[in-house]
Amino acid sequence: MEHLWQLLLTLCIASLVQITDTDSRWAEWWTYDEGISGPNYWGRINPSWSLCTKGHNQSPVNIDPKSLLYDPSLSPLEITGNAVSGTLINVGHTLTFDVDMNSHWSQGVNITGGPLSYSYRAAKLSIHFSHSDQDGSEHTIDGRGFSAEIQIFAYNSDLYTNLTYAMTSPRGVVCLAVLVKIGNETHPYYERIHRALNQTLFKGNRQQIAYLNLRSLLPDTHHFLTYDGSLTHPACHETVTWIIYNKPIYISKRQITGLRRLKQDTIYNPVTLMAGNIRPLQPLNQRTVRTNINYGERACSMKRDMNYIVNYSHFYHTNKHSLP
C-alpha cells in the first residue's frame with residue numbers, strides 16, 4: 001500500500017510539473033500574429049487563459065465619442081512622484097519597462113482620484129506600435145488609431161503587494177493609456193527610452209535606465225476617458241481600470257523608427273519584427289465609457305481645447321462642417 005501511495009504521489013507531481021511546463025511554454029510562445037499562437041487562439045491553447053475567449057469585459061476597445069457618458073463625480077487624477085528607475089526589456093512580443101520597486105526613488109509614482117477608490121503604484125510600462133503611423137495603438141477613437149500607445153500599469157498598493165498578484169485580483173490594476181502621434185520635435189522625456197533601444201534590439205536584451213520621468217510622459221491635460229476592462233495579453237484578466245488621456249503626446253519620426261527596428265526573436269533568428277504587437281479590438285458589451293469632459297452646453301460636440309480634437313482635425317479635415 002505504501003508503494004502505491006508513493007506511485008500516486010509521483011504521478012501527481014509529474015502531472016503538476018507537466019502542467020507548469022506547458023504553461024511556461026505557452027507563455028513564451030504566444031504572439032500577436034495571425035495563426036494558432038495569435039490572439040484568436042489565446043483562450044483555447046491554455047485553459048487558464050479562457051477569459052481571452054469567453055470574457056465579456058475585454059480590452060482594447062474602440063471609443064465612440066458620441067456614446068461617452070459625462071460623469072461629474074470623476075475628479076482629476078492625482079499623481080504624486082515623478083521619476084522611477086528600472087529595466088527596459090525586450091520580451092519578444094513587447095517592449096516593457098519594469099520599475100525597480102526598491103530603488104532610491106522609493107516613493108515611486110502613485111495615482112489616486114478619477115475613477116479610483118484606492119491608491120495605485122506604477123510598476124510597469126509597455127509600448128504598442130506598428131509599421132504604420134495610423135494603426136499603432138491598441139485603443140482607437142471613432143474607429144481610428146494612433147501611431148503608438150504607451151501603457152503605464154499601476155497596482156492597487158492599498159490591497160496588494162505587487163503587480164503580479166494584483167493582475168489576478170479585483171480592482172487590482174489601473175492602466176494609464178497614452179496615445180502617441182508623430183510630430184516634428186523630439187519628445188525629451190521619451191528620449192531616455194529611445195536611447196536605450198540599441199541595447200534592446202533582440203528578445204532577452206535588457207538595459208538599465210537609472211532615471212525615467214514617468215509623469216512627464218503624460219499629456220498636459222486633466223481630461224480622460226475611463227472604462228472597466230482587461231489586460232490585452234494572456235491571461236486577459238478582467239481586473240483593469242483603463243484611463244485613456246484625452247490628448248496625445250508627440251514623438252519624432254526618428255523616435256518611432258527606433259521602435260520599429262526591434263525584433264521579436266533573439267540575435268540568432270533576427271527576422272520577425274516586433275511591430276504589430278496589437279490585440280484586435282474587443283466588443284464593448286454594454287459597458288459604459290465615462291469621461292470628466294463636460295460638453296453639455298455644446299450638445300454633441302465639445303470645446304476645441306477639451307475634446308479629442310486631434311481626431312476630428314486629422315481624420316475629418318476634408319469636411320469643414322464636422323467641427324464645432
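Predicted model: local features only at pLDDT ≥ 70, side-chain atom pairs only at ≥ 80, totals over all residues.

Biologist: What makes Cys52 and Cys236 a disulfide?

Modeller: A disulfide is a pair of cysteine sulfur atoms within 2.5 Å. The S to S distance between Cys52 and Cys236 is 2.1 Å, so the pair meets that rule. The count by this rule is one disulfide.

Biologist: Why is the disulfide of Cys52 and Cys236 called right-handed?

Modeller: Its S-S torsion is about 95°, and therefore the disulfide is right-handed. Cys52 sits in helix α3 (residues 51–54), while Cys236 is in the loop between β12 (224–229) and β13 (240–245), so the bond ties together parts 184 residues apart in sequence. Helices (H or I, at least four residues) and strands (E, at least two) are DSSP runs, numbered from the N terminus.

Biologist: Does Cys52 count as buried or exposed, and why?

Modeller: Buried means under 20% relative accessible area, exposed over 50%, and partly exposed in between (1.4 Å probe, protein chains only). Cys52 has 7% relative accessibility, so it counts as buried. Cys236, at 0%, is buried too, and Cys175 is buried at 0%.

Biologist: What makes a space a pocket or a cavity?

Modeller: On a 1 Å grid over the protein atoms alone, a cavity is a set of points where a 1.4 Å probe fits but cannot get out; a pocket is an open set with protein on both sides within 12 Å along at least five of seven lines, and lining residues have an atom within 4 Å of a point. Grid points are joined across faces, edges and corners, and a volume is the space filled by probe spheres set on the points. The largest pocket has about 780 Å³, and 35 residues line it, with His93, Thr96, Lys124, Met167 and His233 nearest its centre. Strand β7 gives the largest share of that lining, four residues.

Biologist: Which residues line the second largest cavity?

Modeller: They are Ile79, Val109, Ile111, Ile152, Leu176, Leu214, Arg215 and Leu218. This cavity has a volume of about 40 Å³, and there are two cavities of 30 Å³ or more.

Definitions and conventions:
Residues numbered from 1 in each chain as written. Heavy atoms only, no water.
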